[in-house]
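Please look over the model below before reading on.

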Amino acid sequence: MTGAQKLYLPEVLKGLAVTMGHALKNLLNPKGMPVISFPEEKKDLPPTTRGRHRLMKREDETPRCTACMLCATACPAECIHILAAESADPDVEKVPQKFDIDMLRCVFCGFCVDACPLDAIRMDVPEIDLAGYTRESLVYGKEFLMNHDNKDIVANYNPPRPVVWTHGPHAKP
Amino acid sequence: MDSQTFTLINITAMTVVMWLTPLQFIPFFIWLERKGSAIIQDRLGPNRAEIFGIRLFGLIHNFADVVKLLMKENITPSSANAFYYLLAPFWAMTVSLLPLLVVPLAAPIDIAGHTVRFQAANFGVGILYVLSITSMGVFGVILAGWASNNKFSLLGGLRSSAQMISYELSMGLAVVGLLMVYQGVKVDGIVESQGSLLTFNGHTLPLPNWGIFLQPVGFFLFLVASFAETNRNPFDLAEGESELVAGYHIEYSSVKFALFFMAEYSNMVVSAFLVSTLFLGGYQVPFASTETLVQKPQVTLFILCFMGITWGLAVGYLLYIYAQQQKPLYSGMKRWEPFILSGAGLGLAVGSLAILAFSSAITFPPWAPAVLAALLQMICLLTKVVFFCWLFVWVRWTMPRFRYDQLMNLGWKLMLPVALLNLLVTGVVLLIQK
């Protein structure tokens, strides 16, 4: 340190000038602050945001999921709880009777999406303000995950990917 | 009512007032800290807590804090020394409320044959009382650090006590220079002698006779030492979060933590009062002595109205800009509250202007000049105090924390020699002047 710096005071005054400049600028022009008042104002999320899960549907509104348990197996946080039931459709072996995702355990790694062979689960709902007053309210069930009705959200969805069946009864040559 | 009873009532009332003053400043100071740090860091700061949509720019957050702190679990660690552990926060808070008793809020005034004093205790020891009480504040920190039976709090307490003891020397020596200049230790005497104009070598300079002009070095030493005494950034090693978690109050929760927190802010309020009383003329209005104010109520009224106009306009304008920014986000009371408060600021300005316009037509009742003068002097002192409160906030959000060796070097190798040199120079100049 040079002699003037050892006295501290000149450098302190320089620093004080910087912070006072910021304070005055923000007092006189609050609109210029790089601030988003979150619950009232929301940032536009990019279309590829990894948000919370949703369950995809077939054309007849039944879930694509066949309760194969691959997502639950891949999940490192063990947050997916599936209970399988027999399907009414003779071409499909099983459907999930219960498909719960415990959002309090989920680590948003996306392994379930990678694991799914039927593209039945996606993490593309751009909701990042997941919060609730009880633990139970954050365990999302099948009906909630299959509900795609929220128009604001749907506008931001990933463009739907065409499903190409490579094997099984729905496979197209 | 005989004069003795009157004096007794007067002293009792002023004791309560001076005891409540720091307590009332604490919520304001916490708000200033939060809002000040926010605008320095390009943020909006707290603005969520509300009562029926009234948010007062984050002041309501203090109510939320109180409720939160009261409802938290009040823990006493099983390995702590329970008596000293409990004593520490009460000690810290009590000691921090005492020094203001000797600070005068305004010059004494005569009403209906009685002398009303705005000072709770006019001890003969004056400023020495303040120094001795503030030096007892270190016991709260040491007790908390040691009785918690926690290595982090012990280290925090040790650092804090070493720091406070080192900086008390420079603080005391800075005050000694002031006592040499004003030839007395009584606080009211010091403030009274700051009311005239600065006279040096027979020439009267156009400057008030304030400590900051007579003892500029002493002022800086006292200011820096008071930052260190209150454990405030850049000297807040006692609670260096990065290495000591929270310092001496790690093990304290709930109301006991609140007491430490409040004691810290109360200490800063006391420091702000002391710096403004000793070095910035206390209640003295610059260029207007107490006699002028009492004899010419028109002057007092003019200054009061002038302050009302400028502050009303400034506050109204700033709040209006803020209200514009907030308007699209909210509805109902939340939307209009900033506009209403901005209108109140403008109303203050307009009202002051109206009083100023008709001031020549006002005939003052016999008690009015003295009361107006006291009011103006109180506002003047509080303005200085608020400025120093802001300085505490401003410095905290500007400076990084000192390293421990830098702290000790600054205290012992720079500030102590400078303080001694200041005494020498002051003494020589005083001798030459005689």
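Just after helix H1 of chain B, B:Asp42 takes a positive phi of about 60 degrees. Helices here are DSSP runs of H or I with at least four residues, strands are runs of E with at least two, and both are numbered from the N terminus. The model is predicted: local features need pLDDT of at least 70, side-chain atom pairs count only at pLDDT 80 or more, and totals for chains, interfaces and linings use all residues. Residues are numbered from 1 along each chain as its sequence is written, while chains are lettered from A and ligands numbered from 1 in the order in which they are written.

H1(B) has a kink of about 30 degrees at B:Ile26, shortly before the proline B:Pro27. Such a bend is the angle between axes fitted to the seven residues ending at a residue and the seven starting there.

Among the buried residues of H1(B) are B:Met18, B:Phe25 and B:Ile40. A residue is buried if 20 or more other C-beta atoms, placed from the backbone, lie within 10 Å of its own; it is exposed if 12 or fewer do, and partly exposed in between. The buried residues of H1(B) pack against the helices in this table.

| Helix | Chain | Residues |
|---|---|---|
| H2 | A | 9-28 |
| H3 | B | 82-97 |
| H10 | B | 254-279 |
| H14 | B | 368-396 |

Helices H4(B) (residues 127-147) and H5(B) (residues 151-182) pack with their axes 7 Å apart, at an angle of about 170 degrees. H4(B) is therefore roughly antiparallel to H5(B), a label for angles over 145 degrees. Residues of H4(B) that meet H5(B) include B:Leu131 and B:Trp146.

Between the chains, 16 residues of chain B are in contact with 18 residues of chain A. Contact requires C-beta atoms, placed from the backbone, within 7 Å. On the side of chain B that touches chain A, the largest share, four residues, comes from H12(B).

Chain A has six helices and five strands. Of its 173 residues, 14% count as buried. Chain A averages a pLDDT of 82, on a scale of predictor confidence from 0 to 100. Over residues 151-156 of chain A the pLDDT is below 50. Where pLDDT is low, the predicted coordinates should not be read in detail.

Note on methods: Two residues are in contact if their C-beta atoms, placed from the backbone, lie within 7 Å. Axes are lines fitted to C-alpha atoms, for helices over the stretch in contact, and angles run from 0 to 180 degrees between N-to-C directions. Angles under 35 degrees count as roughly parallel, over 145 as roughly antiparallel, 65 to 115 as roughly perpendicular and the rest as oblique.
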